[in-house]
Amino acid sequence: PPKPLPAAPAGTSTPSTPSKLHMSKPAGGTPTKALPPTPPPKKDMPRCHTSPLPVTPPKPGNLSGKARLERARAKLTESGQCHRELVVNEFVQTESAYIQTLEHLISYYLQPVRCRQLLVPIDIQTIFANVEDLLVAHRKLLPHLEKLIMHTDSIGSASIAPLFVEHFEQMLPLYFYYLLNLTNAFSALQRLRSPLVRGSCKDFHTFLEQQHAHPQANGVTLDTELVRPLARVCKYPLFLKELYRNTPLGHPLEARCRKACEAVDHWVTRLNKVKATFNSRHTLLIIEALSPADPTLQMLAPGRKLLREARIQVIGQQSQRYAYFFNDLVVVCRGPNDKVVGQYSLRGSEVQCVDDDDKRLLIKLSEPNGSLCFAGLFDSETHTLYRLMIASLEHSGRSQIREPLSSIIGAADSRSRMRLQMAELQVRIQGWTNYVCDRELLREGGEYMVNKKQRYLFLFNDTLLLCTRRTTNIFLFKQSVSLQNAHVVEAEGGNGIVIVIASSGGSNSAAAASGGGSTTLHIDGMGMATQLWLQSMSS
């Protein structure tokens with residue numbers, strides 16, 4: 001501690017607050033710094049702040065249950081109304097974009113192919129179907145939707161549901177035909193791309209390559225453009241469900257939104273089921289057409305449906321195969337829509353899942369007539385195929401009824417049904433090339449003796465086809481007879497009919513073979529069906 005300062009001499013006064021530090025020499029002779037004087041004591045400060053604090057208004061009391069419910073309803077209504085407006089805006093914008101897609105498909109593909117005659121009319125009709133009718137229908141719908149955009153209240157945004165159902169119900173037959181024909185369209189494109197046919201339509205393939213490389217195509221191919229209507233139809237239920245989900249209870253149009261949502265969902269579900277049934281039938285007919293000739297072969301068995309298509313590796317063979325898995329049958333082909341190399345029934349068979357020496361998952365199918373050991377390209381795919389086959393064995397005892405084509409396509413209009421039947425006949429009748437889009441099939445069936453040769457008959461509104469049976473549903477074309485210049489009468493005895501073809505029908509193969517004059521066809525063995533055939537031919 002510092003030493004105390006020496007006392008000041010007598011008669012001098014010490015300043016209470018010096019202006020600077022003074023140096024003094026104590027007795028030891030060493031100068032020492034002087035400490036600052038002690039500050040005067042401060043007045044006592046209060047321990048608490050005595051000024052009044054700002055007054056905070058008291059919080060309001062808890063709202064009653066009814067008030068809280070009204071506030072929640074108001075917030076929910078406001079949020080739902082905003083969301084409904086967003087859904088409606090997106091609905092209209094995507095509808096406009098969809099119309100531009102249809103216009104692109106028509107202007108960039110359909111019209112040039114038709115004007116340049118790059119394909120025959122039946123192929124053009126099969127590939128593009130009624131896409132022009134779809135464009136007309138959606139152009140009628142869009143102005144009504146755009147008019148609803150101007151209504152920003154809740155009633156205006158929700159009224160889109162009943163309006164859309166009214167228009168979609170009119171478009172439903174158009175979509176039934178287009179989507180069912182989509183399988184035929186891809187089959188026609190695949191046939192045109194095959195090596196056997198590609199050489200005869202080089203201009204068409206050159207045109208496709210040019211259109212695909214066009215900057216405005218954005219790399220989109222014709223196959224992708226054809227699938228757009230299917231993708232659009234599947235989105236309609238999603239839009240309506242989102243609109244209904246944000247429509248509060250008690251809304252003036254809440255009930256109509258719900259009914260519209262249920263109706264469109266039912267239509268699209270039904271359309272998907274019909275399309276799956278039609279695709280299975282089409283695939284079965286193609287497989288039967290690719291199978292070896294056998295009049296007893298019947299691929300359109302009752303209850304048979306396609307489950308999956310996949311590439312497989314048959315053990316013991318180097319090349320890959322393409323397999324069609326049905327609920328009761330496995331068909332192995334060389335490739336997609338190629339020659340059939342084997343058929344294996346699942347009924348009464350044993351299916352095992354085994355591992356080979358390389359620890360690869362294999363499926364072994366054993367049946368009384370032979371066995372098949374194969375694997376998918378991946379183990380996960382092999383496991384999926386195994387589960388499908390096991391499930392098919394478990395349900396093989398259930399009886400199902402195969403629907404005829406007339407009931408499958410019953411929802412389409414008469415013109416669409418006619419075109420779908422004609423597209424199927426392109427697969428069933430081999431060797432016949434004179435297809436007409438709007439030709440109507442009046443009667444089919446029966447093997448009768450025509451000029452002492454057994455023939456299977458197809459009667460159209462202007463032509464009679466004479467064929468021979470290759471399999472149960474596949475036929476070979478032999479002769480066509482035009483009925484425009486023919487005279488049809490009943491044969492003696494009432495067991496058949498006689499067709500007299502005048503020489504003016506030079507397009508007839510029968511008349512051409514006769515070298516002039518008239519040609520007579522005697523169709524015998526009709527029995528009780530004579531009057532039905534006679535009436536159909538006379539009409």
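**Pocket, helix pair and sheet of the predicted model**

The largest pocket has a volume of about 1,100 Å³. A pocket is here an open set of points on a 1 Å grid over the protein atoms alone, where a 1.4 Å probe fits, with protein on both sides within 12 Å along at least five of seven lines. The volume is the space filled by probe spheres set on the points, which are joined across faces, edges and corners. The model is predicted: local features need pLDDT of at least 70 and side-chain atom pairs count only at pLDDT 80 or more, whereas totals for chains, interfaces and linings use all residues. Residues are numbered from 1 along each chain as its sequence is written, and side-chain values use heavy atoms, without hydrogens and water.

Two or more lining residues come from each of α2 (121-128), α5, α6 (195-198), α9 (254-290), α12 (414-428) and β8. Helices (H or I, at least four residues) and strands (E, at least two) are DSSP runs, numbered from the N terminus. Helix α5 gives the largest share, six residues. The lining has 19 nonpolar, twelve polar and three charged residues. Ala, Val, Leu, Ile, Met, Phe, Trp, Tyr, Cys and Pro count as nonpolar, Asp, Glu, Lys and Arg as charged, and the others, Gly among them, as polar.

Helix α5 (residues 160-193) also meets α3 (residues 131-149). Their axes, lines fitted to C-alpha atoms over the stretch in contact, come within 10 Å and cross at roughly 175 degrees. Angles run from 0 to 180 degrees between N-to-C directions. The pair is therefore roughly antiparallel (over 145 degrees). Contact (heavy atoms within 4.5 Å) involves residues including Leu 134 and Leu 141 of α3 and Phe 164 and Met 171 of α5. The contact residues divide into 13 nonpolar, three polar and two charged.

Eight strands form an open sheet of mixed pairing, in the order β8-β12-β11-β10-β9-β15-β14-β13. Two strands pair if DSSP finds at least two bridges between them. The edge strands, β8 (429-430) and β13 (486-490), each pair on one side only. Five bridges join β13 to antiparallel β14 (residues 496-501); Val 488 is partnered by Ile 499. Strands β9 (residues 441-450) and β10 (residues 453-460) run antiparallel over seven bridges, with Glu 444 opposite Phe 458. They form a hairpin with two residues between them. In its turn, Asn 451 has a positive phi of about 50 degrees. Strand β9 also pairs with β15 (residues 519-524), antiparallel, over two bridges. There, Val 450 has Ile 523 as its bridge partner.

Technical notes:
Angles under 35 degrees count as roughly parallel, over 145 as roughly antiparallel, 65 to 115 as roughly perpendicular and the rest as oblique. On a 1 Å grid over the protein atoms alone, a cavity is a set of points where a 1.4 Å probe fits but cannot get out, and a pocket is an open set with protein on both sides within 12 Å along at least five of seven lines; lining residues have an atom within 4 Å of a point.
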